[in-house]
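Reader: I am new to reading structures. Can you walk me through one?

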Amino acid sequence: MRALLDRLEREHSLSRDEWVFLFEHRNAESLEYLKQKARAVADRCFGKDIYTRGLIEFTNYCRNDCLYCGIRRSNRNAERYRLTREEILQCCEDGYALGFRTFVLQGGEDASYSDEDMVRIVRSIKAGFPDCAVTLSVGEKSRDSYLRFFEAGADRYLLRHETADFEHYRRLHPPELSPEHRRECLWNLKEIGYQVGTGFMVGAPGQTAECLAEDMLFIRELEPHMVGIGPFVPHHETPLAKEPGGSVELTLWCIGVLRLMLPQALIPATTALGTIAPDGREQGILAGANVVMPNLSPVAVRKKYELYDNKICTGEEAAECRFCLAGRMERIGYRIAVSRGDHPSIRKED
Ligand code: SAM
Ligand code: FES
């Protein structure tokens, strides 16, 4: 086990069989070994800095019906909302004052925002906050739409591949969504020039060691700048309500091996991880993550962006989360950086 982890650190890749072996034979002792190594790698690349992104959940309308997701269109009990461009800009203004230099606009796939609307929103943020990065996370779009958003100034795009095993993908999604198209979107985003983030849910129903091995091989191939992973957490209004959620232990394992595979990647300690354990985000950092993404959405809409049950930080103001997280990071020996926090391979002129 240790020899395999050592080799992953040295060579940044493993064969499919080796990945399966790693996922099947992990134990408490190897997790400790992995965490130590992964944190040392992250410290070498990023020091004690933890990057932060202000997450603005601007719409919970979604045309899709992913089986795991609380804002799926068949959830008739979700109270739907949309933020206007002015409301989004207000979130950025509040966030800027709190030290955020990256804004992540995330939402369901909501056709009521046309490409033109998205372009206008991105342009306004870039004009108002020229030293900030804009990340979009609005699902699957045409290459042309991605290009227009990029030309408007969007810097990064988050689109988790969700699972790299095609059979598994089909089990978690309705037939109109295809894993092939999801991948095509990711390749398009990369080719256009975005800093790209992919990722998956840990412990999603039906996930096996083989699925996780496929995830690692796909991530190795895509070489994304960011990898967002968090535990699957059931939502009571979805068909997967009664399924068990993902574990802290497996999530930490995944964060650790991702750090060894992609030493410079931006890897968040996710809100979902903070939801299943009170110190989940701290544990994520200590296993090799280097990003936190507190919520900047107006408190009035927070509870409505409920992807899964018991999501944390739905009652707190942005400032409360910002200071809470700063304290959490300091207590484990890290500090929140006031910077865009680009991938180390990206050199900005400014
Ligand atoms: N619509 C965009 C998209 O599909 O990429 C962005 C929003 S989507 C809700 C953001 C992410 O939430 C998904 O990629 C998924 O991995 C995660 N998610 C959804 N339901 C979840 C659940 N029950 N537990 C954990 N994560 C979940
Ligand atoms: Fe939101 Fe701690 S991060 S209250």
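**Ligand shell and parallel strands**

Author: Ligand 1 has 19 residues around it, and Cys 69, Gly 139, Arg 160, Leu 307 and Tyr 308 come nearest. Near means that the C-beta atom, placed from the backbone, lies within 6 Å of the molecule or strand. This is a predicted model: local features need pLDDT of at least 70, side-chain atom pairs count only at pLDDT 80 or more, and totals for chains, interfaces and linings use all residues. Residues are numbered from 1 along each chain as its sequence is written, while chains are lettered from A and ligands numbered from 1 in the order in which they are written.

Reader: How do the residues of the shell around ligand 1 divide?

Author: The shell holds 10 nonpolar, 6 polar and 3 charged residues. Ala, Val, Leu, Ile, Met, Phe, Trp, Tyr, Cys and Pro count as nonpolar, Asp, Glu, Lys and Arg as charged, and the others, Gly among them, as polar.

Reader: In which sense do strands S6 and S7 pair?

Author: Strands are DSSP runs of E, at least two residues, and helices are runs of H or I, at least four, numbered from the N terminus. Two strands pair if DSSP finds at least two bridges between them. S6 (residues 195-202) and S7 pair in the parallel sense over 6 bridges. Val 202 has Pro 231 in S7 as its bridge partner. S5 (residues 156-158) also pairs with S6 in the parallel sense, over 3 bridges.

Reader: Why is S6 largely enclosed?

Author: A residue is buried if 20 or more other C-beta atoms, placed from the backbone, lie within 10 Å of its own. In S6, 8 of the 8 residues are buried, so the rest of the structure largely encloses this strand. S7 (residues 226-231) is mostly covered, with 6 of its 6 residues buried.

Key. Buried ≥ 20, exposed ≤ 12 C-beta atoms within 10 Å, placed from the backbone.
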